[in-house]
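Student: Please take a close look at one part of this structure, the salt bridges and the helix contact that goes with them. I would like one connected explanation.

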Amino acid sequence: MNTADILIKNAMVLTFDQEMHVIENGCIAIIEKQIAEIGTILDMNDWQGREVIDASDMLVLPGLVNGHTHAGMSYFKGMADDMPVIRWLNEKIWPAEAKYMNAEFVRLGVEHAAAEMIRSGITTFSDMYFYSHEAATSCEVAGIRAVIGEGVIDYPVAMHQGADDMINYVTRLHKENKNDLITFAIAPHAIYTCNKDNLKKALKNALDENMLLHIHLSETQEEVEACTKEHGKLPVEYLDGLGIFEAKTLLAHGIHLEDRELEILHKRGVSIAVNTISNLKLASGFAPIHKYEQYHVNYCLGTDGVASNNKLDMFSEISTTARLHKALNRDASFLPAKHILQKCINGGAKALDLDEKIGSLEVGKLADMIMIDMNTIDSQPVYDPYSHLVYCTSTEQVKNVIINGKIVMKNRKLLTLDEDILLERAKEFRKRIQQ
């Protein structure tokens, strides 16, 4: 008899492996951090578990990947709405950050964001903000997997005197990191806040230390026009000319892109994080997903931060993206349910350079998975589980979450964080900011 630390039984398992196998009456054995065995109940009748989860009427699938967010901004949720992105940044967000952002603000804000993400089925996220050490500490407490990018910007911000401080700080964190849940990234904010020299410095460290480089790009038409005027090149051409794409690169937004830019992105193996709801709310435009597909550019989905999206809800992101792009392309068959889920899960793991470890349920991969309750009035009957996940499922149906082989939410109750404390903290920060 084999013994698992956690044994999941009676599930419909959506593996998201290369063949997209579906296992009815499925069983998953987890030992320490990894998937030790996966198959049907009959295949695995010689397994027992120290902890057994009956997943009857549940879908079990890899955890969702949030490709781009700003978790440390949790306490700015709903603070500034209904204005275009440049005004939003200049008049609201940057002044608020100058006044309130500090180590405590980020540490507690990331805990709040981690709770929201776990409750919505996100097991991995890619972040861009400041105080990365504090963010990493909170992720470790929450038990959530994260690629934490320290922002790089031309002027002093947070505890940094300049871009050199930011680059050296996150590089040191990367070298000293002993937590396998956390990966550190270098995150130049944007081409309009990071000059050529600082972009090159960020690139050098990213290459030397094999770190992901995460940057906002082509979010607005104004950004593209400014780049063309200043550098005589489109944004992707400008970064390519600096050699930025020699590093593993993730672009956030990627809305206003020309065909020749997409050719470069495909050639260089660059990924894009699409942030549909945030871009809709800020009226930034629509990511040209049909062009990404045409040029075979890898993309994933992100929520952006709650200061612009207001939620960290990947199911809403997936559903909105699928529906919107059918309408934009006047093609109801575009972005079918299974495909958009693959982009969120498989594409997200690839974009973060974690696809050897996560993104599918296979023997040897890390045990990051979620269980979705299908035994609800609004979910029955179920003909196609992928269709239900895209067009029907809400975050409230996420019942159990396992990350790195550890149960972090069981029956909708967080096991690593105290929700009552999180709520009280959020209310206290609202009072501070309002005053």
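Tutor: Some terms come first: a residue is buried if its relative accessible area is under 20%, exposed if over 50%, and partly exposed in between, using a 1.4 Å probe and protein chains only. The model is predicted, so local features need pLDDT of at least 70 and side-chain atom pairs count only at pLDDT 80 or more, while totals for chains, interfaces and linings use all residues. Residues are numbered from 1 along each chain as its sequence is written, and side-chain values use heavy atoms, with hydrogens and water left out.

A salt bridge is a side-chain nitrogen of Lys or Arg within 4 Å of a carboxyl oxygen of Asp or Glu. A search of the whole structure finds 23 of them. One joins R425 to E111, with the closest N and O atoms 2.9 Å apart. R425 lies in helix α14 (residues 419–434) and E111 in helix α2 (residues 103–119), so the bridge ties together parts that are 314 residues apart in sequence. Helices here are DSSP runs of H or I with at least four residues, strands are runs of E with at least two, and both are numbered from the N terminus. E111 is buried, at 11% relative accessibility, whereas R425 is partly exposed, at 25%.

In α2, the residues in contact (heavy atoms within 4.5 Å) include F105, L108 and H112, and their partners in α14 include L422, A426 and F429. The residues of this contact divide into seven nonpolar, one polar and six charged. Here Ala, Val, Leu, Ile, Met, Phe, Trp, Tyr, Cys and Pro count as nonpolar, Asp, Glu, Lys and Arg as charged, and the others, Gly among them, as polar. A network of salt bridges links E104, E428 and R432.

As for geometry, the axes of α2 and α14 come within 11 Å and cross at roughly 130°. Axes are lines fitted to C-alpha atoms, for helices over the stretch in contact, and angles run from 0 to 180 degrees between N-to-C directions. The two helices are therefore oblique to each other; angles under 35 degrees count as roughly parallel, over 145 as roughly antiparallel, 65 to 115 as roughly perpendicular and the rest as oblique.
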